[in-house]
Each structure stands twice: as structure tokens, then as C-alpha cells.
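New notebook page. I want to look up how this structure is put together and jot things down as I go.

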Amino acid sequence: MKRRMEISELIFKIVAYFFLLIFAVLCVYPFLYAIGASLSSDGALTGGNSIVLIPMVGEGDTLGFGASLKAYEWAFTNTEFWVAYSNTLFMTFFGTIWSLFYSILGAYALSKKRIMGRRGWNFFLVFTMWFSAGVIATYNNYTSTGRVFAAIAGMDPDQWLTSIDGKWLIVIAMGMNATNIILLRNTFEGVPAEIEEAARIDGATEMQVLTKVYIPMSKATIATVALFFGISRWNGYFWAMKVLGTSQEYSWPVQVYLRDFLETYTTIIKPTVEEYDANDWEAIYGSKGFDATPCAYAIVVCSVIPILVIYPFIQKYFAKGVNMGGVKE
Amino acid sequence: MFKLKCDDFLTYDEESGTYSMSADQKVRDEVEKTRWKEIGLKFLADWRLYLMLVPMLFVYICWRYLPMYELTAVFKDYAIRPSTLPSERSWFGLQNFIELFTASSPFYTSFWQSFRNTFILAFYGLLFGFPLPIILALFFNEIRSNVVRSVVQVCIYLPKFMSIVVISSLMITLLGGNSSNGPLAQLLMDIGGDFFDTQAASGLVNSTYYFRAIYIVSDLWEHVGYDSIVFFAAIIAVSPTSYEAAQIDGAGKMQQMRYVVIPSILSTVVIMLIMKIGSLLNVSYEKVFLFVTQGAGTQRNNYAVGSTVSVWANGLSDQGVAMAGEMLNNLIGMCLVIGSNMVSRKATDVSLY
């Protein structure tokens, strides 16, 4: 039966489509802007008043259609940027593995009805979601645990921030998320007890039950949680900035480097003496230096590219994860 | 002779004048002993499970619970031995809290200002950030084409996964936080004419007048799409038979929405509302920090209307007072969480924790 659309329904549909499309465009616009601006050629952005979605033409139009890859050329030859980038890769990789390691083990133990003090353990986790000690106390805690670990490792506690590699501190001490553990616990609780029993009758140990039964059966949740951890590691900024500060710039993740660069860059980038001598700087960039704004955007684009690339594939997992996230006791 | 009143577990022997354990108590002791033995055996049988808890406990104790121990420094004299553990300082009482409440102290104005900012930002966030995802989900339900739907989905969840640094930097550049005119600010000024001009001279983000609006809009932009997932899932879960029944009763599309969709997502709405109220004070300090400071922590012009308690504490040199302020803020936040949970348990039989 084909039903005639009412006027109110039609209006509602039009409004819905219109609003959603506008909103969708607004959501991606800043990123498109960044890409467009990063490809703009030298000097084109200094006026800075236009809404750039297509690259702007200026001096040194290398690609022929107004775009220039000079900013990327600069970013790719910028050692500081690559150090920060590889630090972030390091932190994301090992950080996600470490977070997953203790979360899966802990969630598995908590999912067992026979564990003693189950309510107590759960409260232990959930309380961290209710109350946090705050920025100052947390910072003091990073300092004092850093000192303790330096002392254990036989280093001078007062010099802990120069002797301990900040990358490892960030990997081990940051990125905790009780919600993710609870999500894993709920999934593990949903695995049928019969399968575990069958495995135990076949002589599986506790660890084998976990690795051969529970983990394969909860792959989707584990993938979701891994992605949550990974994204939060990649995007982590505040604590890395606060703990590493200026005393360990070589351990900076890319977000800290990015913020520092965006806040301090001057409009013209000039080469250092070594750079000037080392390669044919003048041939590439001209003698008077070049416009830094596209370079800033090039760094922004480089830092979001990993997420942009994997995002369309993982987006459906996130939706699933949110819907599974109903926390229950 | 004085006789102890402990008949319950001792019996008094009149002849020898001594006490001995009563038969009841012996049984009770035995029971107690067996209980502990059983607990020990249970523990030993499952020692692997407890071992599995150890890494998680280690991380959580070291970096979630020890900070709470560090927080005890708020009751201690910080000035005497600044860089030692709280245990090595002397007790100090509530002096740090009193500082916050006395009008003559140098922290009074800035603390209450940031406290007020926290509440205002949180309240606006709730006011606009709560109904919009629901509306978005209702709109979403209207899209029948799968292709359009997934394209729109990809777009509107995107900002949620971007780094806060990238988002705030883009916002600041687009709205002209560093110079007088970002492209978006320029566009707004072209449209709005004189309306923006006086404030926009030093950049829209920097203006105390527009900061809150900009913050809330950017927050909505970031979260609304992702927050609508829950509601959309609830709408999809509505059984098609309910629609059919309503259609047979002669309900048009709008009436179906009014009488079928909205009542069936109401429980989700209530739970999400309670959850939102619970996390009211968790205004993202990272984001506020990035918006109101510049370079190495220097304050922007919008600091006065933007800084929340955490950002205020972060910029303070007196750690004791800073911790006291944060503790006050977080305790209120905790009361909100627990309170909203209790209300939810009473009202809907659903509690989150």
C-alpha cells in the first residue's frame, strides 16, 4: 500500500535531511580546511581571510593547480617533528598493549563469580570514576612515583626526570580507563559457562581458558577496547606536556610538539645555520625563508592522518562499543 | 567477689575461682577457624585468578589511589618542607580550605570565579548538549537510504576522535584567536556586520564576550554526533509492530513519533539525563586549558570567563590551596554522581554502577 505523505511529515523529512547534511559538512569542514591550507603555496595565506578549501596560489606554485607540497617537504625534513611522531607511535603501540594486558587479565578475574570480594574489587575500579584526586595531586604523584622508581633502578631520585625515559613513564602510568575494563568484564560474563567447563574437562589451565576460550569469543569487544585505548593514547596531550615539560623535549609526543609549534611559530621560517650549510636550502626555499602557516597545517594533517585513515573502518565498532557500554553490577 | 560479665564466652568456676571457655565459645571458635581455613583454601585453589588481578591493581594503586594519598597534603603544611612526601609534613588542619572561603585571601576571587565558570560551562553543556543528540537521532531515523546514512555517520562521529589539540588549534585559527581575523571569524563579521567588530579586534576566541558561546558550540560540534548513537540505537530497537498498530489506528507520521517513538526511548533518555547530571562537573580541563592559555601557560584574555577549577589550580603556585579547591570541586562532583545514581535506582530500577 502506498501511503500519501502528509505535509508535516514531508516538512520534517526535508528539515531532517537539510540539518543533517549541513551538520555533516560542518563536522568535516575544519579538516578539509587544514588540508587545503597545508597545500597552499608560499605567501598565499598571509592575507588569511579566505575560507580555503582548495589550495591557494602564491609564489612557488609547484604542482601547477595552485597547490604546493613545500610545506610537506619541510615537515618531512623536520627532525623534531619526526622524533615527536615516532615517540607517539611508540607510546600508542606499547601503551595500547600494556593497557590491554592488564585490562584483559583484570576483567577476566573480575568476571568470575567465584572470586572473593567481587563487590569490593568492582568498587575499587568504579570509585576511580567517581572521584579523582585532581591535577595537582596527580602531578605530585607522578613526581613521587618517578622518584621511587628511579631510586629502585639505582639512579639519583632528584634527577629522575632526566634519567627515566619519559616515554616509558607515559606508557606505563597513563591511559587508565575503568569503563573499558567494565566493558570487557561484561563481555566476559556473557561467555557461556558450558564452553569454559568443556575446556576445563579437557584439562585447560586458567590461562588457557582465557587465551583459548574467552579472548577468541570476545574479539569484537577487545578490538573496540583496543581502539579506544589506542585513540586516547594517540591523542594524549595534557599529562605528557605537564610531566615532560621542557626538561625532556626529546620524549614529547606529537600532540605536545604540535601545540608548542602552533603557539610559538613566527610567520616566516628561516633555516638554522647547519641546515643552511647542510643542503641546498636556498634552492628549495628561497633566500628569505618561507611562510610557516602552511607548514603548521601540514603538521596538523600529518598528525591526524593515521586516525583519518583507520577511522572509516573502525567507526562501526565504536557505535557497537557504546551500545555495549551499559554498565551494570 | 567481683564477677566479670562475660557469661557469653566464659564460664566461671566457683570452686577454683577461674574462668574457662564456655562450650558455646569453643564451637564458635571452631566455626571461625574452619571459615578462615576455607577462605584460605578457596584463595589457594584460585590463586591464578588473584595473580591476574595484580597488574591491574598495581597500576590503579600507583596512579589512581596514591594521588588520593597525595591529596592528604591538603591538610598539611606545605610551606615548611615543600618537596617531600605528605607523610613528612605536619598536620595543618583546614587552613587551606579556610583560605578559599575568606574574602580577604588572595585566592578568594579567582577561585570562586573559576568555580562559577565550571558550573556555567557545565550547565550550558547540559542545556544544549542533552536535547540535541536526541533531536539528531530523530532526524537520523528519517534517513532511509543506507548510503546517505553511513556517509553522514562517518562525518558526524569524526570530531570525537580527533585530538583535542588539533580541535582547539583549528578552532582558534578559524576564529582568530592569535590574530585579528581567522577565516570563519571574518565570515561571521561579514554577515554580522558591526555586531562583532568591537570584540573581534583581538580575535573572537579571546573576547570575554563570546568565549562561552564558542566553547559550547565547539563542544557540541565535537560530541553531539557521537552522543546520538545511544538514542539512535534505542529508536531502531522499537518494534515495527508498534508502528503498524499505530498506523492501523490512523496515526500519521508525526503522531507515530509522538506516541510510539518518544515513549519507547523515554527510559534511555532518563538514564542518559541522570548520567549527564552525574558527570556535570567533568568539564574537560584539557580543552579549557588549551583554549584559555597560550604558549607556556600564559593566560589569554578569555581566562577570566573560561578557566575552570582544574585550570585555575594548575596555574597556581600555592599547591595547598590549589588542591583544596580541586578537592572541593571533585567532592561535589562525586556527590552528584552518587546522588543521581540513587535517584535513578529509585525511579527507574536502573543504576549505572
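**Confidence first.** I start with pLDDT, which is the predictor's confidence in each residue, from 0 to 100. The model is predicted, so I note the ground rules: local features need pLDDT of at least 70, side-chain atom pairs count only at pLDDT 80 or more, and totals for chains, interfaces and linings use all residues. Residues are numbered from 1 along each chain as its sequence is written, while chains are lettered from A and ligands numbered from 1 in the order in which they are written.

For chain A the mean pLDDT is 81, with 79% of residues reaching 70 or more. Helices and strands here are DSSP runs (H or I, at least four residues, for a helix; E, at least two, for a strand), numbered from the N terminus. Where in chain A is confidence lowest, and where highest? Helix α14(A), residues 273-278, is lowest with a mean of 55, and α3(A) is highest at 94. I also looked at residues 325-329 of chain A, where pLDDT stays under 50. The model still has eight contacts beyond four places in sequence for residues 325-329 of chain A. A reminder to myself: where pLDDT is low, the predicted coordinates should not be read in detail.

Chain B has a mean pLDDT of 82, and 86% of its residues reach 70 or more. For the complex, the predictor gives an ipTM of 0.84 and a pTM of 0.84.

**Inventory.** I find 16 helices and two strands in chain A, and 16 helices and four strands in chain B. Next I checked burial: a residue is buried if 20 or more other C-beta atoms lie within 10 Å of its own, exposed if 12 or fewer, and partly exposed in between, with C-beta atoms placed from the backbone. In chain A, 38% of the 329 residues count as buried; in chain B, buried residues are 34% of 353.

For contacts, two residues qualify if their C-beta atoms, placed from the backbone, lie within 7 Å. Taking contacts between residues at least 6 apart in sequence, 66% in chain A join residues at least 24 apart. The figure for chain B is 59%.

**Domains of chain A.** Chain A is split into domain 1 (7-76 + 265-324) and domain 2 (79-251); the bounds come from an automatic or database domain assignment. Ten residues of domain 1 touch ten of domain 2. Which helix gives the largest share of the domain 1 side? Helix α16(A), residues 293-324, with nine residues.

**Where the chains meet.** The contact takes 73 residues from chain B and 74 residues from chain A. On the chain B side, helix α2(B), residues 47-70, gives the most, with 15 residues. I sorted that side into classes: 51 nonpolar, 13 polar and nine charged. Ala, Val, Leu, Ile, Met, Phe, Trp, Tyr, Cys and Pro count as nonpolar, Asp, Glu, Lys and Arg as charged, and the others, Gly among them, as polar.

I picked out Trp63(B), which sits in α2(B). Why does Trp63(B) count as buried? Because 20 other C-beta atoms lie within 10 Å. Leaving aside neighbours within four places in sequence, Trp63(B) is in contact with Asn141(A), Ala173(A) and Met176(A).

**Helix α5(A).** Asn141(A) took me to α5(A), where Asn141(A) is among the buried residues, along with others including Tyr142(A) and Arg147(A). Just after α5(A), Gly154(A) takes a positive phi of about 80 degrees.

**The core.** A nonpolar core is a set of buried Ala, Val, Leu, Ile, Met, Phe, Trp, Tyr and Cys residues joined through C-beta atoms within 7 Å. The largest one has 138 residues, and Ala34(A), Ile299(A), Val300(A) and Met323(B) touch the most other members. Helix α3(A), residues 79-111, gives the most to this core, with eleven residues. I followed Ile299(A) and, not counting residues up to four places away in sequence, found Ala75(A), Phe81(A), Leu258(A) and Phe261(A) touching Ile299(A).

Asp227(B) lies in helix α10(B), residues 211-236. Buried or exposed? Asp227(B) is buried, because it has 21 C-beta neighbours inside 10 Å. Leu136(B) is 91 residues away along the chain, yet its C-alpha is 9.4 Å from that of Asp227(B).
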